[in-house]
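Trainee: Could you take me on a close look at the side-chain links in this model? I'd like to know who pairs with whom, and where the partners sit.

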Amino acid sequence: GPGMYDVVDTFSPANGITLNTAAIAYGGGETQTGTVTSPFANGGTAVSGEALAGGGASETWTITANFTVDPATLDPAEAQCDPSAPAINTGFYNAVSGVDQESNTDDNDTCTGVPDSGINLAKVVDGPATLENDGSYTVVYTVSVTNTGDGPGLYDVVDTFSLPNGVTVNTADIAYGGGETQSGTVTTPFVSGDTVVDDEALAAGASETWTVTANFAVDQDVLDPAAAACDPANPVANTGFYNAVSGVDSEANTGDNATCTDIPQIEITALAGVCRNDVPYISWDIATTGLPNATDATVRVYGDGGNGSTDPADYTQLLIDQSGSPFSGQTLWPGAAVDAQGNGTDWPGWDFVDGVWVEDPTDERVPTLLVEFEVNPTASEIVAYPPQSANCVPPRSAPPVVPIDVPVNNPWALL
C-alpha cells in the first residue's frame with residue numbers, strides 16, 4: 001500500500017570538520033508532495049509528509065553539504081572512513097531517519113573521507129652571499145610550500161644547516177613571505193635543526209613562502225677550498241652554505257628540499273718573483289669562488305724592512321696599494337722602474353754612476369714581500385725576489401775597444 005515518510009538528515013563528521021551549509025533537492029521518481037526545508041540545519045527535518053505509492057515505487061533526493069576542514073584539529077586517523085561500514089565521527093559521516101516502522105536501517109548512513117593533501121616543501125637560495133662590514137656573510141633562502149592535493153593539509157618546517165669546517169652560523173631567522181594566511185607557530189630566531197614553523201595549515205591548491213635569512217662567520221684558514229664551492233642544482237651536505245628543510249611526513253618529492261651557495265673565497269694559484277725583459281716583477285694568478293660578479297682585485301704589497309721573514313705578521317710596511325688589478329697579472333718589484341716601452345730604467349740594489357750600473361749596498365734589495373689579494377675575502381702569501389741571474393740586472397758596460405790601424409806595407413808596424 002501507499003505510505004508516507006519524513007527525511008531527517010544528520011551529519012556526524014570527524015572532529016575538525018565543520019558543517020557550513022546543507023541543502024536538499026528532489027531527484028525525481030514519482031511526484032514531490034511533501035514539505036521541503038532547504039537549506040536545513042544539521043539534524044533537522046529536511047522533508048516532511050512525503051507520500052509514496054506502494055507496489056515498489058521509489059524516488060530520490062540529493063543532499064549537498066559544504067564543510068570546512070581544520071587540518072590542525074583533524075586527526076588523520078579519523079579523516080578517512082569506509083562507506084561500506086561507516087562509523088560515526090569519521091570522515092564526512094551522514095545519516096537519515098524518518099520512517100518509524102523502517103525494518104532495515106543498515107543502509108541509512110554513509111560517509112566519505114577527507115581528500116588527501118599533497119604538500120611539497122622546496123628551498124632555493126636567493127643569489128650569492130653578501131659580505132657584511134664585520135667580515136661575516138649573509139645568505140637569503142626562500143622556502144616554497146605548495147599543496148597539490150585535493151584536501152587541506154598541515155605541515156611543519158624543520159630548518160637545518162650542514163656546513164663545512166671553518167663555517168659557523170651566527171644568526172638565523174625566518175619570516176612569513178605570504179601566499180595564504182599564516183596560522184602556525186613560528187620560532188625565530190632559531191638554531192639549526194629547530195622546528196621553525198609548527199602546524200601550518202594550507203588549503204588544497206594553495207601555496208605560500210617563507211624567507212630564511214642566515215649570517216655566517218667564515219675562517220678562511222680552516223675552510224677547505226674544495227668545500228667552499230657547491231652546485232645549487234645538486235647540493236651536497238657540508239659544502240658551501242648548505243641548507244635543507246623537512247617537516248612533511250608524506251612528502252612525495254624531497255629532491256628539492258635542499259640548496260646551497262658558494263662560500264666566497266680567493267685561491268692564489270700562482271705567485272712568484274719573475275724577471276721579464278731584464279726587470280723584476282711580482283707575477284700572480286688568482287681564482288675566486290662564490291663571487292660571480294667579481295672582475296678585478298685590489299693588490300697590496302707589504303715589506304718587513306728587508307729581513308726576509310717567513311712570518312706573515314712581520315710584513316707591516318705597505319709598499320703598493322693597487323686597485324682594479326686583473327686576476328692574472330703582474331706589477332713591478334718595489335724599487336724597479338721601466339720606461340714607456342717596458343725597458344728597465346731602475347733596479348733595486350743598483351745605482352747608475354758615471355754612466356755605469358753598479359751595485360749599491362745602501363740601496364738594499366728587498367728579498368721577500370707579502371702580497372695580499374682582496375676581492376671580497378682576502379688571501380696572501382710571501383714571495384721571494386727573482387733568482388739572481390745575468391738576465392735580471394742592469395746592462396753591464398764592457399771595456400771600450402780601441403781600433404788599431406795596421407799598415408800592411410810597413411814591416412815595422414807590429415814591432
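**Links between side chains**

Mentor: Let's start with Lys123 and Asp159: both of these residues are buried. Before we go on, keep in mind that this is a predicted model. Lys123 and Asp159 make a salt bridge, and their closest N and O atoms are 2.4 Å apart. Lys123 sits in strand β8 while Asp159 belongs to strand β11 (residues 153–161), so the pair ties together parts that are 36 residues apart in sequence. The two side chains are also joined by a polar contact of 2.4 Å.

Stay with Asp159 for a moment. The relative accessibility of Asp159 is 0%, and anything under 20% is called buried, so Asp159 counts as buried. What is Asp159 in contact with, leaving aside its neighbours within four places in sequence? Lys123 is on the list, together with Phe190, Val191, Ser192, Gly193, Asp194, Val196 and Val212, and then Asn243, Ala244 and Val245.

How many salt bridges does a search of the whole structure find? The answer is 4. Here's the general idea: side chains of opposite charge can pair when their charged atoms come close.

Next, look for Arg300. Arg300, Asp321, Glu372 and Glu374 are linked in a network of salt bridges. Are the two partners buried or exposed? Arg300 has a relative accessible area of 18%, so it is buried. Asp321 comes out at 49%, so it is partly exposed.

Arg300 also forms a salt bridge with Glu374, and there the closest N and O atoms are 2.6 Å apart. Glu374 lies in strand β27 and Arg300 in β20, so this pair ties together parts that are 74 residues apart in sequence. With 29% relative accessibility, Glu374 counts as partly exposed. As for Glu372, another member of the network, you'll find it in β27, standing opposite Arg300.

Strand β20 (residues 297–303) and strand β27 (residues 368–374) pair in the antiparallel sense over 5 bridges. They belong to an open sheet of 4 strands, with antiparallel pairing and the order β21-β20-β27-β28. At the edges are β21 (317–325) and β28 (378–384), each of which pairs on one side only. From one strand to the next, the twist averages 20 degrees.

That leaves the cysteines. A disulfide, by the way, is a covalent bond between the sulfur atoms of two cysteines. The structure holds 2 disulfides. Count the bonded cysteines along the chain and you get the pattern 1-2, 3-4.

Go to Cys81 and Cys111, which form a disulfide with their sulfur atoms 2.2 Å apart. This link is right-handed, with 125 degrees about the S-S bond. Cys81 is in the loop between α1 (76–79) and β6 (94–97), and Cys111 is in the loop between β7 (109–110) and β8 (119–125); the pair links distant parts of the chain, 30 residues apart. Cys81 and Cys111 are both buried.

Then find Cys230 and Cys260, whose disulfide has its sulfur atoms 2.4 Å apart. The torsion about their S-S bond is about 120 degrees, so this disulfide is right-handed. Cys230 lies in the loop between α2 (225–228) and β16 (243–246), and Cys260 in the loop between β17 (258–259) and β18 (265–276), so the pair ties together parts that are 30 residues apart in sequence. Cys230 and Cys260 are buried as well. Compare Cys275: its relative accessibility is 29%, so it counts as partly exposed.

Conventions:
Residues are numbered from 1 along each chain as its sequence is written. This is a predicted model: local features need pLDDT of at least 70, side-chain atom pairs count only at pLDDT 80 or more; totals for chains, interfaces and linings use all residues. Side-chain values use heavy atoms; hydrogens and water are left out. A disulfide is a pair of cysteine sulfur atoms within 2.5 Å. Helices (H or I, at least four residues) and strands (E, at least two) are DSSP runs, numbered from the N terminus. Buried means under 20% relative accessible area, exposed over 50%, partly exposed in between (1.4 Å probe, protein chains only). Two strands pair if DSSP finds at least two bridges between them. Axes are lines fitted to C-alpha atoms, for helices over the stretch in contact, and angles run from 0 to 180 degrees between N-to-C directions. A salt bridge is a side-chain nitrogen of Lys or Arg within 4 Å of a carboxyl oxygen of Asp or Glu. A polar contact is a pair of N or O atoms within 3.5 Å; within protein, one must be able to donate a hydrogen and the other to accept it, and residues adjacent in sequence count only if both atoms are side-chain atoms. Contact means heavy atoms within 4.5 Å.
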